[in-house]
Every structure is written in structure tokens, then in C-alpha cells.
Amino acid sequence: MTWRLAKSLGVLRDQINVQWPVRAKGNDGTIGDERHAATSSDHNPNSADVVTAMDITKDLAHGLDSRKVAQAILDSRDPRIKYVISDGQICSATVSPWVWRKYTGADPHDHHFHISVSADPVLYDDTRPWQFLKAVPAPQPRPGLFSNIIATEFGGSTDEEFSAYDDEHLITDVELGVSLPARFLSPRRSVRVIKGNRSVICPIIDVGPWNINDPYWANGTRPQSETGVDMTGRKTNRAGIDLTPATMDALGIPGPRGTRSTVVDWEFVEVQPPVVAPLPPPPTKEPATMNLFNFLPLLMRILQILPQIQDAMRSGQSIFVLLQKFAPDLISILTGIGGQLFPELPAPSQTQIGGLMMDPVKVRGIQNKINQLKLVTPPLIEDGIYGAMTKDAVLKFQQAHNVVPADGWAGDQTTGALQVEVAKLTPPPAAPAPTAGPVLSLGV
Ligand SMILES: [Zn+2]
């Protein structure tokens, strides 16, 4: 059975969409779901298969105050109105006319407002515009602010992307930055990106999304991509700005990295932005794959205490001990990393493992001993990174030498056993003297 929406509600929805062009629509609704079908909701099609009710999402961030809109519609006393529900109250045209009463339904309607229109086809299909918008003007953006711009994510570990400017560097996960769809001349201004009560200042590091010659900020227009087709004819997602993963993080945008989109306001600022995003909170218990990019925030932080680390490496001191002294904030991150790799261990061991893994001197020593013992083929790369292959090799050694627990972590016991085994190796024979190669006789 095909159904349709009452034409008067289609007109109302169009008017709302024009007034709030980028409003959220997550709680919009027309046709009822199965739950509605069991009740006498106006979301169920009537005998003529027409739905005479509609829900409109509350979206304060974009100025759509559902209660105010509901009130403005009621104040118009439009004869098409049957009743409106908003924020736990119902207001009807016929029952206690135009007075809000307590609404006792299960859904308090605090994320949308509901409107039902008259059961009379002449009224519900009346397509005259609704007279309510003057009472709820669209929010006026302040000058210089580009409002309600759709933002998508670019760069970082999930989207290998090089900056279109200057050094054309690879854009990282920890780097703040935006992309705007026209090329700027040097020196480029910075951009403040605003989402709700958060904002972040970023450099402009790339050209896009979609267009490369759409300076909508200078032309006083909306992003051209909002037409749905870009200047080369590609279908767009209507984005007018791209944000790096770190910028999305800083604005608190949820969702998997590399896939996020949101709606932001932005403006030019003269302030120089920080290049690296602030350190994110310690990893949560959520399982995360270990790869180089998990380490990047940590590496950036470690760069700040690099001089002390270099000193420690020269003097053979434990870097973990050094971190405890100079950067105790890193310990919780180390625990998080240890916890991801060794979830079965108690937390103190996880901290030590995290510390060990960040101690390239120790790790390289372990890798070197494993290679001397020829435990794995091909040999480990002695890079000082305690990755999955190193862990596997250590586990193999522990099992072969009855180190308990055999957990892949080289603690004091394992390191000692490795030392003993390496000492048992006969010293390698001296390199044989190079044999005399054929003597190249010069032509005589
Ligand atoms: Zn509803």
C-alpha cells in the first residue's frame, strides 16, 4: 500500500527547511513505525492512505527551537492545525482550544515537536504557505562568520593526504588544520572553527573540499558544493570545509576517525594556531589496533622532553624511570598501551610494559639478543619498537626456556634468561680475511 504525506505538511516542512537549511533531521518523521501502527496515531495513514502528522527535530545549535516554532504555528491559528505536541505538553485546536495541557504519552517530545493536521482533506491538502516564520526568524550570523557550513574529515592515518601548501607534508592524526576550496596566497590567515561551545584555531593546510576555486568567503555566497554538484560536475556531500582528525577531535565530534562529518561555523583570525593538537585523553578500554599512529600523540609529547631522553640514552638510564620523573602524565598513556597489548596482566605490569615499549634502548637490546639466538626467521628489525613480531619472538623464547609467565613481555626474568642464552653462544669466528680477487690487469 503506498501512502503519502498530507500536502499541507509537505509545504510546512519545505518552509522549515528553507528557514533552517542545515537543521538536524534525526528526529523528523512522517509515516508511523510498527509501534505507532498499533495505536491510533495520525502517523498511520488514514482511509485514503494519507499521513496527517509530522515530527520536526529540535536543533538548538542551528536555531531551530522546536517549542518556539510550535508556539509560532499555534499563534497563527491556522485552520489546518489539529494539535501540536512539544516538551511534555499538547495544545489542540478543538479540545481546550489553544491552551497547553499536560501530555501523558510515553514520548515527552523533547527532541522534536509533533503536528497533526485536520482530518478534512480540503484542509490537510491545502497548500497555502503557513504564516508563522516572522515569529521565529532565522538566526542572524555575525559578520565575518561563515555559518552552518558542512564539514567533512580529511588527512590522517585513514586518508593519506599531503598538504597543498609549502612543504607538502603528510597530514597527520595529531595535526590541527582545515581545507578551504580555493588557494590562498602566503601568508595565509588562520581559521577559528566553532562547534557549539567549542572552538579551535587552525592553519589552512589544503585546498578543497570538492572545488579548488570557490572562495565563498570572499564572494559572500554559500559554498558552491551546497548545490549538490561541484564545479566539475561531481555529486557532492555539500561540504564547504574539511577538518583534520585532530580538529574533529578538538571539537568533540564523535564517530570513527576518517568518517566524521558535522556542521560548523568558521571565521578568519590573525592569531597563529598551535601546530599540534593538545594531547588527547588517555586511551579508553575500547579495543584499539596497535599501529604507529596510536603512538603519534605519545611521540609528539615525548619530543618535548627529548633533551632529557637523549641524556638518559647516553648514560644508559631507563627511559621509563626518566618519564616517571619528568613526564608523569605519560604513565597513564603507557598503561593504556600496555593494557591494549597485554589485557590479561594486572595494571602495574601494564604500566611497566608501556614503559618498556617506549624505551628503545631496552627494546633494541632484546631484539638484538633474539637475533643472536636466531629465534625467528627472518630476524627482527632492531628498531627499538616493541611490536607484534617482537612480542611473538619473546613469547617463543619464554616457552622454549620455561619462563613463567610466558606472556610475550620481556621483564627482568626474561631479559636475564636471554642474557644467559646469549652468553652460551660461542663467539663468532673472526671474519675471514678477504680472498684476493682477480687482479684487474691494465691493458698493456
Ligand atoms: Zn509524532
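**Packing of helix 12 against helix 14**

Helix 12 and helix 14 pass each other in a left-handed crossing. In this predicted model, helix 12 spans residues 360-372 and helix 14 spans residues 412-424. Two packed helices are described by the angle between their axes and the distance between the axes. Here the axes come within 10 Å and cross at roughly 40°. Angles under 35 degrees count as roughly parallel, so helix 12, with its angle of roughly 40°, is oblique to helix 14.

The contact between the two helices involves Ile366, Lys369 and Gln372 on the side of helix 12. Their counterparts in helix 14 are Thr415, Leu418 and Val422. Sorted by class, three residues of this contact are nonpolar, two are polar and one is charged.

The protein chain as a whole contains 14 helices and 14 strands. Of its 444 residues, 32% are buried. When contacts between residues at least 6 apart in sequence are considered, 63% of them join residues at least 24 apart.

Confidence in the prediction was also examined. The protein chain has a mean pLDDT of 82, with 77% of its residues at 70 or more. In residues 283-289 the pLDDT is below 50, and this stretch has six contacts in the model beyond near neighbours in sequence. Residues 431-444 also have a pLDDT below 50.

Technical notes. Residues are numbered from 1 along each chain as its sequence is written. This is a predicted model: local features need pLDDT of at least 70, side-chain atom pairs count only at pLDDT 80 or more; totals for chains, interfaces and linings use all residues. Helices (H or I, at least four residues) and strands (E, at least two) are DSSP runs, numbered from the N terminus. A residue is buried if 20 or more other C-beta atoms lie within 10 Å of its own, exposed if 12 or fewer, and partly exposed in between; C-beta atoms are placed from the backbone. Two residues are in contact if their C-beta atoms, placed from the backbone, lie within 7 Å. Axes are lines fitted to C-alpha atoms, for helices over the stretch in contact, and angles run from 0 to 180 degrees between N-to-C directions. Angles under 35 degrees count as roughly parallel, over 145 as roughly antiparallel, 65 to 115 as roughly perpendicular and the rest as oblique. A crossing is left-handed if the near helix is turned anticlockwise from the far one by less than a right angle, and right-handed if clockwise. Ala, Val, Leu, Ile, Met, Phe, Trp, Tyr, Cys and Pro count as nonpolar, Asp, Glu, Lys and Arg as charged, and the others, Gly among them, as polar. pLDDT is the predictor's confidence in each residue, from 0 to 100.
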